[in-house]
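Please walk through the model below one region at a time. The text starts with a metal site and then turns to strands and helices.

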Amino acid sequence: MMRTYKFRIYPSKRLQETIEEHLNICRYLYNYLLEQKTKNPKLNKGDTQKLITEHKKENPELKKVHSKVLQIINNKLWGSLKALGKLKQNGHKVGRLRFKSSKNHYKTIEYNQSGFKVDYKTKRLKLSKIGEIHIKLHRKIKGVIKGIIIKKEPTGKWFAFFQVEEEPKPLPKTNKVVGIDLGIDGYAIDSEGNKFENPKFIAKTLGKIKKVQKNLSKKVRGSNNYKKTKLKLIKVYDKLNNQKNDFLHKLSRYYINNYDKIVIEDLNIKSMIENKKGQKTLNRHILDGSWKKFINLLLYKAEGADREVILINPAYTSKKCSNCGCVVDSLKLSNRLFFCPNCGWNIDRDYNASLNILKSGLGESVVPAEGRPLLRVIPYIKVISGQVSPMSQEAPSVREG
Ligand SMILES: [Zn+2]
């Protein structure tokens with residue numbers, strides 16, 4: 001099982017220059033190989049591989065970069081060619097593979113199998129032909145590091161991405177299943193009656209983003225002030241992302257630890273339905289992105305953990321009565337309560353949806369708790385500090401519905 005770990009690295013000024021130089025050489029080689037392949041379309045992957053060795057003689061600059069790193073460039077090129085070919089096959093109009101003409105088009109250095117070493121004692125990452133870089137190892141790696149990717153992010157921070165081969169670690173069975181509805185009123189509401197509050201920092205940071213964006217629009221493009229404000233904007237987005245990721249990691253961990261089966265809506269289908277309804281607000285856009293990320297985290301964490309994530313078609317999940325199955329069309333978005341004129345069922349609408357989601361995922365009928373369910377509202381701060389445990393009999397703090 002392959003896992004990716006992201007660590008912050010702190011290359012010195014001198015090392016940053018070395019890495020930038022390596023990036024330039026890699027980009028040059030990529031373009032050179034693409035040029036050769038364009039001139040002579042008959043070349044195969046092995047041929048372009050050989051070209052690297054030959055070209056090294058003419059251009060000794062290439063020897064400054066670890067040989068395995070250069071080899072990977074050939075893989076990259078052929079990966080792109082293959083992807084392009086596939087698009088063509090599927091009837092898409094695609095041009096030729098482009099040359100990487102600017103620095104911005106080539107941002108990563110990849111080590112595979114060799115040329116790197118992690119020293120846990122001195123907290124240093126040793127990269128062949130680059131040097132030793134201080135690394136913040138904020139978590140333990142339990143597995144074999146297969147490769148390392150070095151990248152500078154738009155904020156100016158450097159990172160190392162470790163590809164790690166890990167043994168699967170199945171979690172003990174809990175014999176519990178859960179359906180989750182991702183909402184706007186609360187971030188998530190589940191069939192057990194947990195309502196996870198929307199993380200408030202999103203709204204807060206969004207306000208900041210709007211302010212900086214407005215500021216940016218007043219600056220002259222390309223001016224120093226423009227660049228400064230742009231970097232500020234990138235940094236606010238970065239902060240939002242980090243906060244969001246922390247929240248999503250912990251929330252997904254909660255579900256993976258406590259349930260064998262997790263049923264959730266397939267957002268690809270959902271957004272297809274909703275995109276027809278017009279423009280999204282920035283807030284909605286960010287929420288959408290975070291839901292996708294949340295589901296991806298669930299899928300990622302379920303792998304090897306003996307957990308199952310079931311994605312279901314979201315049609316009717318919010319309109320159907322989870323008690324009698326009758327479809328109620330008169331429901332407005334502003335109605336927080338679901339009321340069924342057929343059976344008199346009257347509950348929180350997102351909770352109703354989560355019960356439908358669970359039913360749909362298990363392909364069987366689910367009998368909801370008798371009478372009005374007790375919901376407990378969980379503040380996001382509890383999620384971040386890892387204080388959430390599954391609902392026990394006496395736990396509910398808020399009565400709703
Ligand atoms: Zn009903």
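**The zinc site and its surroundings**

The zinc ion has four protein donors, Cys 321 (SG), Cys 324 (SG), Cys 340 (SG) and Cys 343 (SG), lying 2.3 Å from it. Donors are N, O and S atoms within 2.8 Å of the metal (3.2 Å for Na, K and Ca), and sites may look incomplete because water is not among the atoms. This is a predicted model, in which local features need pLDDT of at least 70 and side-chain atom pairs count only at pLDDT 80 or more, while totals for chains, interfaces and linings use all residues. Residues are numbered from 1 along each chain as its sequence is written, and side-chain values use heavy atoms, with hydrogens and water left out.

The angles among the four donor atoms run from 106 to 113°, and the site of the zinc ion is tetrahedral (four donors count as tetrahedral if all angles lie between 85 and 135 degrees). For comparison, the ideal angle for four tetrahedral donors is 109.5 degrees. Along the chain, the donors of the zinc ion follow the spacing C-x2-C-x15-C-x2-C. Cys 321 and Cys 340 link distant parts of the chain: Cys 321 lies in the loop between strand S12 (308-312) and strand S13 (337-339), and Cys 340, 19 residues apart from it, in the loop between S13 and strand S14 (346-348). Helices (H or I, at least four residues) and strands (E, at least two) are DSSP runs, numbered from the N terminus.

Are these two cysteines buried or exposed? Cys 321 counts as buried because its relative accessibility is 1%, and Cys 340 counts as buried at 0%. Buried means under 20% relative accessible area, with a 1.4 Å probe and protein chains only. Leu 355, in helix H8 (residues 349-362), is also buried, with a relative accessible area of 3%. The C-alpha atoms of Leu 355 and Ile 189 are separated by 9.8 Å, although the two residues are 166 residues apart along the chain.

Now turn to the strands. Strand S2 (residues 108-112) pairs with strand S6 (residues 144-152) in the antiparallel sense over five bridges; two strands pair if DSSP finds at least two bridges between them. S6 also pairs with strand S7 (residues 158-165), in the antiparallel sense over eight bridges. Ile 148 in S6 stands opposite Tyr 111, and Ile 148 also stands opposite Phe 162 in S7. S6 and S7 form a hairpin with five residues between them, and Gly 156 in the turn has a positive phi of about 95°.

Key:
Tetrahedral: all angles 85-135°; square planar, octahedral: opposite > 155°, others 65-115°. Buried < 20%, exposed > 50% of the residue type's maximum accessible area, 1.4 Å probe, protein only.
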